[in-house]
Amino acid sequence: MDPLDPVHEDDLTARLKAYEGHPAAVAATGKDPVNVPMIRHWCEALGDTNPAYTGPDAVAPPTMLQAWTMGGLTGHTGRARAYDELLALLDESGCTSVVATDCEQEYLRPLRPGDEITFDTVIESVSARKTTKLGTGHFVTTRTDVRVGGTLVGTHRFRILKYAPAGRKKTAPRPARPRPVVNRDNAGFWEGVARHQLLIQRCTACATLRFPWLPGCAHCGDPGWDTVEAGGEGTVYSYVVMYHPPFPAFDPPYAVALIQLAEGVRMISNVVGTPYDKVRIGMPVRLEFRSYDDDLVLPVFSAAEEDA
């Protein structure tokens with residue numbers, strides 16, 4: 001039988017709601033009396049410096065109400081069967097996951113060190129089946145009445161969602177990195193990169209090195225050129241850290257650097273293998289070639305050994 005069939009769902013909801021008003025815990029006892037160390041730990045964790053929670057007349061922070069009722073890993077001896085049966089029924093219906101959604105507390109009097117806590121918990125309500133982003137399921141609300149010496153001192157309502165997880169959408173494949181623009185002026189550079197060589201143009205008339213590749217020498221204007229292979233050593237001349245805009249093929253934040261090569265020219269590339277916030281101007285780097293997919297190899301730089 002399909003658990004989402006309307007007839008079946010109506011029957012399930014009726015069975016679940018039959019547990020409303022049934023006890024979840026009866027005459028349970030707090031495992032520890034209200035005490036100063038727990039109050040201190042709580043206040044330190046939350047940064048609460050209210051003087052009412054220290055000194056000889058200290059009271060417990062009201063929001064600690066639930067802390068005094070927690071059973072820890074071993075639970076409480078006063079736990080009733082009805083709540084376990086309710087959760088088992090939800091599990092059988094496919095609602096195998098759980099998430100706490102909210103709580104409401106009412107404080108009737110302050111709790112003081114030495115107070116011995118007792119409490120009763122009742123299943124207050126079970127909702128009809130609801131659809132959420134997590135999945136479909138039922139909200140279950142319990143109400144806990146907290147007492148000291150038989151006197152009601154506070155009430156705690158706690159709500160959970162028991163749900164059948166929604167089917168996860170398939171993650172789209174990671175987009176490929178952008179392709180470099182290859183033209184007749186820079187094709188030789190990318191052919192060198194494919195061979196794991198970083199080639200720098202050199203003017204055959206005045207021997208001036210230039211990067212990026214250009215059709216003619218910016219120094220003397222001569223169109224003739226040959227290449228020299230960079231040794232791979234350099235330093236970070238300047239850099240920026242990219243946060244926005246985000247590009248699907250990249251994982252920001254990351255460092256984009258202007259690298260001063262030992263040969264004297266500069267090029268833009270990524271600094272890899274070093275956290276973006278550890279990149280510094282003047283940092284020694286060394287060339288490496290990284291394959292980002294089957295047909296994309298890029299020259300990048302990593303911290304030199306003495307600075308790694």
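**Rings, burial and backbone**

Modeller: Seven aromatic pairs turn up in the structure. Bear in mind that the model is predicted, so local features need pLDDT of at least 70 and side-chain atom pairs count only at pLDDT 80 or more, while totals for chains, interfaces and linings use all residues. Numbering runs from 1 along each chain as its sequence is written, and side-chain values use heavy atoms, with hydrogens and water left out.

Colleague: Why is the pair F189 and W213 called edge-to-face?

Modeller: Rings of Phe, Tyr and Trp (its six-membered ring) pair if their centres lie within 6.5 Å; planes under 30 degrees apart count as stacked, over 60 as edge-to-face and the rest as tilted. The centres of F189 and W213 are 6.3 Å apart and the planes sit at 65 degrees, so the pair is edge-to-face.

Colleague: Which parts of the chain does that pair link?

Modeller: Distant ones: F189 belongs to helix α4 (residues 187-194) and W213 to the loop between β8 (209-210) and β9 (225-229), 24 residues apart. Helices (H or I, at least four residues) and strands (E, at least two) are DSSP runs, numbered from the N terminus. Both F189 and W213 are buried, a word for under 20% relative accessible area, with exposed over 50% and partly exposed in between (1.4 Å probe, protein chains only).

Colleague: And what makes F250 and Y254 a pair, and of which kind?

Modeller: Their centres are 5.5 Å apart and their planes at 25 degrees, so the pair is stacked. F250 is buried, as its relative accessible area is 18%, and Y254 is buried with 18% as well.

Colleague: Which rings are linked into a cluster?

Modeller: F189, W190, F211, W213 and W225, through ring pairs. The peptide bond from F211 to P212 is cis, with omega near 0 degrees, and P212 sits in the loop between β8 and β9.

Colleague: Where is the other cis bond I spotted, the one from P252 to P253?

Modeller: P253 is in the loop between β10 (233-242) and β11 (254-261). For the bond from P252 to P253, omega is near 0 degrees.

Colleague: How do you know that R177 lies over the face of Y292?

Modeller: The rule wants NZ of Lys or CZ of Arg within 6 Å of the ring centre and within 35 degrees of the ring normal. R177 is at 4.1 Å from the ring centre of Y292 and lies over its face. R266 likewise lies over the face of Y237, at 3.7 Å from the ring centre.

Colleague: Back to α4. What makes its buried residues line one face?

Modeller: The buried residues in α4 include F189, G192 and V193. Seen down the axis of α4, the buried residues fall within an arc of 100 degrees (taken from the directions from the helix axis to the C-beta atoms), so they line one face of the helix. They pack against β7 (199-203), β13 (284-293) and β14 (296-303).

Colleague: Why is D115 called buried?

Modeller: Because its relative accessible area is 14%, and the limit is under 20%. D115 is found in the loop between β2 (97-107) and β3 (117-126).

Colleague: What makes the approach of D115 to R109 a polar contact?

Modeller: The term needs a pair of N or O atoms within 3.5 Å; within protein, one must be able to donate a hydrogen and the other to accept it, and residues adjacent in sequence count only if both atoms are side-chain atoms. The side chains of D115 and R109 make such a contact at 3.3 Å. The D115 side chain also reaches the backbone nitrogen of R112 at 2.8 Å.

Terms used:
Contact means heavy atoms within 4.5 Å.
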